[in-house]
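Dear colleague,

I am passing on the structure we spoke about, with notes on what I found in it. Please read the notes with the model open beside you.

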Amino acid sequence: MIQFDIDQWQAWAPGLASVADWAIWAREPYRVQPGDEMPDVTFLPAMQRRRLSRLARMAFTVATPLAEGKPPLPLVYASRHGETPRTYAILEDLAHEEPMSPTQFSLSVHNAIIGLWSIQRGDTSEMTALAAEGDGLEHAVLEAGLLLAEGAPGVLVVIAEDQPPAAYEPWVSDVPFPYALGLLLTPGDRWRLSLEAGDPSRHEPGQWPHALELIRTLVTGQPRRAHQWKGRRWNWQQAH
């Protein structure tokens, strides 16, 4: 079991940018129509913006407000599918025997986003990029909890998924729409996260990814929530 405080949080999805937006969504969740909407990252220099995919823009959008006015902070970034649209475009170029763009390739790797964040912020704190399964949220929070235990004053946690290319839809069913969640975790005991064995034969994937379920928990004030992925059951509990 690990303990921590969720000092602040930010989330983004198409049409859902404020806490008020998410509060409405949490009461009656629905599948957002993704379209081509991009988060507003005009706070970044134009040269930097041009390099960012939608996934990267989402990550910057939720992490930046949490980092403003704070000292350098470790960052844990988790995404199950990562830069799938960018890598698919690279594969299409290869299939058509077109030359691969070195820039596109360098920005397609899983740790590219934390590298761009470190450069933009001038932050050389410890940063980790995770490619987990459906419980990537919990693995990221676990990693952040270990950093807090080592003395970090706070840790940024970012979970982000972009809509996969249409060709991948038969195999990717856990991204109902593009979304990103940012958490600023600090030392404390207001939240507890524990892990126990679950019965994998009884596991059925939830309607919403774990990160979206956590947003529902945060905006509705629910004191506890359980997330199961295969044989792993994660229990979230908020102190009264």
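Which residues touch the most other members of the largest nonpolar core? Of its 39 residues, they are Phe4, Trp22, Val141, Phe177, Leu183 and Leu185, where a nonpolar core is a set of buried Ala, Val, Leu, Ile, Met, Phe, Trp, Tyr and Cys residues joined through side-chain atoms within 4.5 Å. Two or more residues of this core come from each of strand 1 (2–12), helix 1 (19–27), strand 2 (75–78), helix 7 (136–149), strand 4 (155–161), strand 5 (179–197), helix 8 (210–220) and strand 7 (232–238), the helices (H or I, at least four residues) and strands (E, at least two) being DSSP runs numbered from the N terminus. Apart from this core lies another, of 27 residues, which include Leu55, Ala56, Ile114 and Met127. In soluble globular proteins, nonpolar side chains tend to be buried together.

Before going further, please keep in mind that this is a predicted model, in which local features need pLDDT of at least 70 and side-chain atom pairs count only at pLDDT 80 or more, while totals for chains, interfaces and linings use all residues. Residues are numbered from 1 along each chain as its sequence is written, and side-chain values use heavy atoms, with hydrogens and water left out.

On the helix 1 side, Trp22, Ala23, Trp25 and Ala26 meet Leu212, Ile215, Arg216, Val219 and Thr220 of helix 8.

Helix 7 has 14 residues and reaches 20 Å from its first C-alpha to its last, close to the 20 Å expected at 1.5 Å a residue, the expected span being 1.5 Å times one less than the number of residues. Its buried residues are Gly136, Leu137, Glu138, Ala140, Val141, Ala144, Gly145, Leu147 and Leu148, where buried means under 20% relative accessible area, exposed over 50% and partly exposed in between, with a 1.4 Å probe and protein chains only. Just after helix 7, Gly151 takes a positive phi of about 110°.

Helix 3 (residues 54–67) also has 14 residues, with a reach of 20 Å that is close to the 20 Å expected. Because 13 of the 14 residues of helix 3 are buried, this helix is largely enclosed by the rest of the structure. Within helix 3, Arg57 is buried, at a relative accessible area of 18%, and Arg57 touches Met38, Pro39, Val41, Arg49, Arg50 and Leu52, again not counting residues up to four places away in sequence. Arg57 and Ala160 are 103 residues apart in sequence, yet their C-alpha atoms are 9.9 Å apart in space.

Helix 3 packs against helix 6 at an angle of about 45°, with the axes 11 Å apart, so helix 3 is oblique to helix 6. Residues Leu55, Ala56, Ala59, Phe60, Ala63, Thr64 and Ala67 of helix 3 meet Ile113, Leu116, Trp117, Gln120 and Arg121 of helix 6. Gly115, which lies in helix 6 (residues 112–121), counts as partly exposed at 28% relative accessibility.

Glu97, in the loop between helix 4 (84–95) and helix 5 (102–108), has a positive phi of about 55° and counts as exposed at 75% relative accessibility. Lys230, in the loop between strand 6 (224–229) and strand 7, likewise has a positive phi of about 55°, and Lys230 is partly exposed, with a relative accessible area of 40%.

With best wishes

Methods:
Axes fitted to C-alpha atoms, helices over the stretch in contact; angles between N-to-C directions. Parallel < 35°, antiparallel > 145°, perpendicular 65-115°, else oblique. Contact = heavy atoms within 4.5 Å.
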